[in-house]
Amino acid sequence: MQLSLTQPSSWILLLLLMTNLLLWKNAASVPMCAMRNARCFTFFEDTFELAGSLSHNISIEVSELFTEFEKHYSKVPGLRDKSPTRCHTSFLPTPENKEQARHTHYEALLKSGEMILDAWESPLDDLVSELSTIKNVPDKIISKVTDIKKKIDAVQKGVNSLMSTMLQNGDEEKKNPAWSRLPLLQSDNEDTRIRSSYGMISCLDNDFKKVDIYLNVLKCYMLKIDNC
Ligand SMILES: *[C@@H]1O[C@H](CO)[C@@H](O)[C@H](O)[C@H]1NC(C)=O
């Protein structure tokens, strides 16, 4: 069975299919598989493979967004001053780097990824709507952020469904970090709004580098890939 998995939408479709198949409990015994690079992937492996690939692509795109935003608004005074607002996710107990991620139990690592993804749900919507109120914001920036949002939704669905299939306590109550729209984002002063959007994109960049690391460490672990 051959699947084309280059679009987030077909990825979601696969996940829905996979979630049903996983009701078999032991994913390894599911006979169907997707052929890629002359290898037969089970749906379980496939999901880790795709989550790793998609989160890596997201982290590249977010860092491009950050660079473009910084370049476009470089003349805004104080843009690069250390943002007075810490990231709303900074207190989350998540591994800081690849070394720490490697030494984290796979369930906790998946949970860390889920926490960051869930924590960005509403802030990302706010960022998208805020950017559209800034004058002369390049279309390139708007379309990039919209595309990033779509991909983040897809990877979040994937991680949520992995969580609920892998972990027995997967449906414990979620506690998202408190997010109330930053007062700075609502400012009448456009430069202030640009600076706070910049701060948020910088947090997004930092957080999705982490999600990329977690999901790719998990992918290596689940697919038993050496040297990564
Ligand atoms: C990630 O990007 C690469 C290169 O553009 C692409 O081939 C791949 O399909 C993307 N992965 C996903 C899951 O979209």
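Predicted model: local features only at pLDDT ≥ 70, side-chain atom pairs only at ≥ 80, totals over all residues.
**The whole chain**

Begin with the entire chain displayed as a cartoon. Seven helices and two strands can be found in the chain. Followed from the N terminus, the elements come in the order α-β-β-α-α-α-α-α-α. Next, display the surface. The accessible surface of the chain amounts to about 12200 Å², and carbon and sulfur atoms account for 53% of that area. Of the 228 residues in the chain, 48% count as buried. As for contacts between residues at least 6 apart in sequence, 79% of them join residues at least 24 apart.

**Helix H7**

Now select residues 190–222, which form helix H7. The helix has 33 residues, and at 1.5 Å a residue these should span 48 Å. The C-alpha atoms at its ends are 47 Å apart, which agrees with that expectation. Of the 33 residues of H7, 24 are buried, so the helix is largely enclosed by the rest of the structure.

Select asparagine 189 and aspartate 191 together. Asparagine 189 caps the N-terminal end of H7. One of its side-chain oxygens is placed 2.8 Å from the backbone nitrogen of aspartate 191.

**Lysine 210, within H7**

Return to H7 and select lysine 210, which lies in this helix. Is its side chain's residue buried or exposed? Lysine 210 has a relative accessible area of 9%, and is therefore buried, the limit being under 20%.

**Leucine 127, in H5**

For the last stop, select residues 121–131, helix H5, and within it leucine 127. The relative accessible area of leucine 127 is 0%, so this residue is buried. Which residues is leucine 127 in contact with, leaving aside its neighbours within four places in sequence? They are Val145, Ser197, Met200 and Ile201. Finally, draw a distance between the C-alpha atoms of leucine 127 and valine 145: the two residues are 18 apart in sequence, and the C-alpha atoms are 8.7 Å apart in space.

Key. Residues numbered from 1 in each chain as written. Heavy atoms only, no water. Helix = DSSP H or I, 4+ residues; strand = E, 2+ residues; numbered from the N terminus. Expected span 1.5 Å × (residues − 1). Buried < 20%, exposed > 50% of the residue type's maximum accessible area, 1.4 Å probe, protein only. Polar contact = N/O pair within 3.5 Å; in protein donor to acceptor, adjacent residues only side chain to side chain. Contact = heavy atoms within 4.5 Å. Areas by Shrake-Rupley, 256 points an atom, 1.4 Å probe, with all protein chains shown as cover.
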